[in-house]
Amino acid sequence: MPEGDTVWRAARELNAALAGRTLTRCDIRVPRFATVDLTGETVQDVVARGKHLLIRVGGDDGWIVHSHLLMEGIWHIYATGAKWRRPAFKARCILATSDATAVGFELGFLKILPRSAEEEAVGYLGPDLLGPGWDPEEALRRLLSQPDRPIGLALLDQRNLAGIGNVYRCELCFLAGVHPLTPVAGVRDLPRMVALAKKLLEANKARSTRTTTGNLRGDTLWVYGREHRGCLRCGTRVTLEQLGDNELELRDLYYCPYCQPASPAPAE
Ligand SMILES: [Zn+2]
């Protein structure tokens with residue numbers, strides 16, 4: 001599942017392939033932007049903002065190819081003329097230079113925006129765990145601005161801090177020994193949890209295997225996806241529930257009821 005580390009890596013690879021090059025082909029397969037043609041324009045750079053990917057094309061009056069991978073999206077880079085590893089009908093965006101072709105498959109969304117709209121598009125995001133301006137104090141301030149919100153939801157909210165997806169939110173709660181429904185204000189050492197988020201994403205950003213256990217093979221995660229195998233630490237059956245702010249945003253939530261006990265109700 002794409003999270004901040006996946007998107008950071010995709011941005012790095014796309015930047016290496018496209019930055020400074022002139023586009024020889026631009027094929028946007030999203031109805032709203034199907035007539036956009038950036039052929040002849042030069043790609044300035046490609047950056048990740050949390051889980052958003054921005055391909056900046058042209059100068060300050062140019063364009064941004066703004067995509068989000070959501071659940072299934074992926075960018076591939078091919079040498080010119082090479083066979084694609086996914087079916088063409090799943091391609092949403094094709095950008096080619098004389099040497100390479102970048103293809104975005106099954107993108108969660110794809111928009112073409114004027115450069116001036118960048119702030120509007122991603123400015124609402126909280127501090128970016130893998131961005132140049134990472135600010136843990138600001139992330140904490142934003143998390144604590146809704147003290148009663150369950151930590152399992154607050155960590156996923158990209159306005160608080162950008163880059164955490166479902167795998168990391170489950171694993172971070174486990175590593176902190178915190179039940180995901182614990183209110184933010186009730187998390188014992190929130191600064192440590194935020195620091196750990198940064199550490200995990202940094203450790204995983206340059207490799208294709210995501211691990212929170214330190215193992216690169218076999219058991220790479222403590223609780224996520226382990227509903228049939230049990231908690232990696234204690235073997236207790238991992239609980240799988242759905243959690244979201246509303247019925248449309250429900251996401252799988254994994255936790256160990258033994259390692260992550262619900263906090264006792266406050267005394268009346
Ligand atoms: Zn456990």
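I'll begin with one side chain: that of threonine 182 comes to 2.6 Å from the backbone oxygen of histidine 179. Before going on, please note that this is a predicted model.

Where is threonine 182 in the chain? It lies in the loop between helix 5, residues 166–175, and helix 6, residues 190–204. Is threonine 182 buried or exposed? Its relative accessibility is 6%, and the cut-off for buried is under 20%, so threonine 182 counts as buried. If we leave aside neighbours within four places in sequence, threonine 182 is in contact with Arg149, Pro150, Ile151, Val187 and Ser263.

Next, arginine 169. What does arginine 169 touch, not counting residues up to four places away in sequence? There are the leucines, Leu153, Leu155, Leu156, Leu243 and Leu253, and also Gly152 and Ile164. Arg251 and Asp252 complete the list for arginine 169. As for another arginine, the C-alpha atom of arginine 233 is separated from that of arginine 169 by 18 Å, and the two residues are 64 apart along the chain.

Now the domains. The domain assignment gives domain 1 as 4–122 and domain 2 as 136–255. Their C-alpha centres lie 29 Å apart. How many residues are in contact between the two? Nine from domain 1 meet 14 from domain 2.

On area, the size of an interface is often given as the accessible area lost when the parts come together. Here domain 1 and domain 2 bury about 860 Å² between them, and 52% of that is on carbon and sulfur atoms. Which residues of domain 1 supply 56% of the area it buries against domain 2? Those are Asp5, Arg9 and Lys51, and they supply more than any other three residues.

The rule finds one salt bridge across the interface of domain 1 and domain 2. Aspartate 5 forms a salt bridge with arginine 210, with the closest N and O atoms 3.0 Å apart. On the side of domain 1 that touches domain 2, the residues divide into four charged, three polar and two nonpolar.

That is the end of my part.

Methods: Residues are numbered from 1 along each chain as its sequence is written. This is a predicted model: local features need pLDDT of at least 70, side-chain atom pairs count only at pLDDT 80 or more; totals for chains, interfaces and linings use all residues. Side-chain values use heavy atoms; hydrogens and water are left out. Domain bounds come from an automatic or database domain assignment. Contact means heavy atoms within 4.5 Å. Buried area is the accessible area (1.4 Å probe) that two parts lose on being put together, summed over both. A salt bridge is a side-chain nitrogen of Lys or Arg within 4 Å of a carboxyl oxygen of Asp or Glu. Ala, Val, Leu, Ile, Met, Phe, Trp, Tyr, Cys and Pro count as nonpolar, Asp, Glu, Lys and Arg as charged, and the others, Gly among them, as polar. Helices (H or I, at least four residues) and strands (E, at least two) are DSSP runs, numbered from the N terminus. Buried means under 20% relative accessible area, exposed over 50%, partly exposed in between (1.4 Å probe, protein chains only). A polar contact is a pair of N or O atoms within 3.5 Å; within protein, one must be able to donate a hydrogen and the other to accept it, and residues adjacent in sequence count only if both atoms are side-chain atoms.
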